[in-house]
Amino acid sequence: MNTNNELLKGFFELDRDYRPAAMWFWNDVLVESELTAQMESFKEQGIIDFFVNHVWGATDEYLGERYFEMVRYVLEEAKRLDLHFWIYDEFNWPSGVAGGLVIKNHPETKAKMIQDDKIQLFPREKLIKKYIDGKFESASFVWRTSPQDGATDVSDKVTVEQAENGFWISYENDSCDTIYLHVVSVQLQNRIVPACQWGKYSTEEYGFVDNFDERAIRLFMDYTHEKYKEVIGDEFGKTVKGIFTDEICVSSHLDMSGKRVPWNDAFKDNFRKKYGYDITPFLHVLAAKAYTPQEKKARFDYWRLATELATNNHLKQVRAWCDKENLLYTGHLCLEESLICTMYQSGDIFDMLEVMSLPGIDTIFSRDWIEDEDFDLAGKTIGSVSRFFNRDRTLCETYTISTNKLRFDEMQRIANRVLVLGANMIQYMGAIYANHNGRRYDWLTDNPNGGPSFGDNNTIFEHLGKFSDYVSRIQYVSAKTKPAGKVLLMSNQAGVFANYDGQAEMRRAYAQRYKREDGRFDANRNSLVTALLELNIEYYLFGDNMADRMTAENGVATLCGGKYDTVILPNVGDAPRKVYDMIDRLRKAGVKIIFADELPELVLDEAVYEAPLGKAPESEGITMLEDNVYFLRVSDVESKRRGKNCRYKELLEEVVGKGRRTLDIKHNGNIYTGLRKREDTTVVLMCNDANEEREASIIYNEGMLLLDPATGNKVELKGIGGRSDIHFDAHQMYILVDGAEAAESKVDKRAGETILQLAPECEIELEKGNVMTVEWQFAPYDTDGESLKVADELMPLVRDSLPGKYAEMNVKGLLVFDFEVEHLPETALFIVDSADIFRCEVNGVRVDDVWKPYRFWGPRNHAVDIAAQLKLGKNRLVVANKVPDYNIPYKAAFGLIRGDFEICGKTMLKRRSSYVAAPVNGQGCMDFCGSANYRFTAELTAEEVAEAAFVSVETRDATELFVNGVSAGVRLWAPHSFNVEGMLKEGRNELVFRSTVPMWNMLCECGEEMDIGLLGAPRIEKKR
């Protein structure tokens, strides 16, 4: 088959091997029938690959007999349904401890940390201090007035007495100057990671595994990987596709700060063997600011060795096992968006990602963080890894901790960005087995917008499959083509190794990255990333440790098989020798080099100063240093950031942009592109990142095809004056194929002039009834056996959290909801997370003996009709809340009432007789979740029917239009225009818009409601 035809065939026919995947969280009692039902839902929604993650809330022992019975059951069902099973290699996260079994049963495998304590000592002052943890390792002092002179090692001059817990140290400053004494100790990591807690059988073990120790990781594999092989190894490489590993790091990411860095007992010997000197005199600068070239060299050497040890002993060992067992090795690291946080997590991220056969990233918090200037770093990193290391597929875990309010148009925007940047296996994060026990909010961040998949990307919502179709078409084209840019941008991780200040906690460092001295590396790199993206210049990030792989000849640089004519080097004032040698090769070959803000000065790994290009110019803007060598300076950090008219964009436009834009695309802003190739075919992924429409034009060639992944159709593309104009709706993606053969397909048409604007009056039917969210108050538990006694003074719940001591294990309490009824409804189903509540009363009448299963937001939902117990006026609903008998992030049982009523605040009202085309939450349904049918009638003349081609309406929700009882299709995002050619008739027509909404308003806090349903009356339009 012609390669172009093959490319188009896969796009039109939705190749199942390129569907998005789902992370499947097992967080409850597992039932075979429910597992099957959810897997069937995956298949219905176009999800073929699923990753099983046993997480908090689960009651089966991780890696226990019952757990593997369920694994085997799901595997057999996957075979029957023709789905792909992926192993997630940990309980909760991060990977490495096998649910805590490794460090509990083998405490010698626990990771250690270097801890620095900086103490000011005045002249003749004597220090006597006890450290309650750890073992003394070294002591050094620096002069307060001249730290540039370096430190003096006084390890042999301090008096140390090791105690049973910790040690005593004494030292006298016998100088006439004030000094800072650095006391360095070795300690076990003292945090408990999620992988060790919150399960019914969790070890609750503090610490993390030593990723520098080959034997420790071998034990981890024995507990997990080898056990899976024993149970389901016969399906490795068939139904079982691979292993997913989560947030592998050089040390525990929950126990990192500027004053602590990873260590183990063999590190000092390994360091001496590799570099030929003792690191002891420099231990204090691993967690403090470095001043001298020798101190910077020691830090650089330390982090290079840390990266090497973690990469070789963890990732490469697991990758070798996966290769042997015919499994793919995938997963992601952590905090790719910040160089200082990447250092703490991964050392050098490119070294680690190169190991994976299917490298991955995560873009969680995506709804909130997509506006940040560093959002594109993760996607561009994984796209670059694909380019350099020849990976056809790259995974992106996304959407979690932003999903309660995540709509399809926002999902589209997020997917567009990461797909254009280079990811091509979207993993929905995630599909939750049971939504209960505190899943309303994200407990990690106390974020009401966070938490689980209650948004459109939850597989319980019927339209996710259509979104999966959209993603699949883009992923197929991306996977079948190769990145084709000519520009490289270096990520100088080595500079951060040498210059991080070592003072702030890692999470604070991430939040304050641009205010820190080492933040200049992030500020420059991230602003260059943004500028190139907005200029539509295809480029790739590479790490400084890859510099020795680059060759150059006749104006062209070659890196990992790719050819480039421009190399951009930000912040290379401190860089390793291999970067200096690379620069020399590029200069001699005539490759365009662009330095940003710094020129080379210090050779880090040799601790010597060299300035081959002299002193960096002080002048702002562009300086040409020699033929094809440029220097850019932008001093103001704020002028570099997204939304601040990024100064780098203007400068790069001049020195790179001319002749380098993707297919010479011109537009009025916010159009991002990804340039790819397949033999002689050029493919461009193009998306509008704005919330408004945009226009673009490209140089037009005969044979160009424009494909719309939302519909799977061609879009008419005409050349006028050598260019072709393209209209983008908000967040719209197109795929441009240049040099393709013509393909049989529908051609999309667009709505045009309005023929008839319908009146706003309509009927609104709420499928399965309206919803009233139960807003609990709390009372201590008290009962006389006959009724539930409620204290006079109730305690409020903040974000569903039980107050104080009542959130502890095995403590019971009463949940109270007081509300008004102005009209008695015929039905009023009280629905709860689960039937774990063991007493329930309505106005003093027990109703808990008639609970029935009722799936709404999860499989454990139960309901009871309380309509008969309601009365006009004040009503009280009381339940006895049961807290789990083991340590778990838990919040009060979530509940609601569903029935034929309207609500106003905490009052039930009678359903009104007439409605208008407006959001249902403004018409007595502020908590509504489900499908609302807006019914209109339209009287049309024969002339109007002949002209009518589209019906359009304003909404942000997934909406299906029925014309005279026949579906005209589903639209997930604007424009909600439906092609109705041949569906309308002369006379009376019935138009029904079925608007489907997840649980946004049901879950939001007071005052945060989102408009749901139609935003106005529909209109009938001609075609454009």
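This is a predicted model: local features need pLDDT of at least 70, side-chain atom pairs count only at pLDDT 80 or more; totals for chains, interfaces and linings use all residues.
Me: What is the order of the strands in the open sheet?

Reply: Read across its 5 strands and you get β7-β6-β10-β4-β12, with antiparallel pairing. An edge strand pairs on one side only, and here the edges are β7 (152–153) and β12 (260–263).

Me: Now a helix, please. How far apart are the end C-alpha atoms of α2?

Reply: A helix can be checked by its length, at 1.5 Å a residue. Just after α2 comes Gly-46, with a positive phi of about 80°.

Me: Which residues of α2 are buried, and what covers them?

Reply: Buried here means under 20% relative accessible area. In α2 the buried residues are Glu-34, Leu-35, Thr-36, Gln-38, Met-39, Ser-41 and Phe-42. Their cover includes the strands β1 (21–26), β2 (49–54) and β16 (425–432), along with helix α3 (65–81).

Me: Cysteines next. How many disulfides does the whole structure have?

Reply: A disulfide needs two cysteine sulfur atoms within 2.5 Å, and a search of the whole structure finds 0.

Me: Is Cys-840 buried or exposed?

Reply: Cys-840 is buried, because its relative accessible area is 0%. Cys-929 also counts as buried, at 2%.

Conventions: Residues are numbered from 1 along each chain as its sequence is written. Side-chain values use heavy atoms; hydrogens and water are left out. Buried means under 20% relative accessible area, exposed over 50%, partly exposed in between (1.4 Å probe, protein chains only). Helices (H or I, at least four residues) and strands (E, at least two) are DSSP runs, numbered from the N terminus. The expected span of a helix is 1.5 Å times one less than its number of residues. Contact means heavy atoms within 4.5 Å. Two strands pair if DSSP finds at least two bridges between them.
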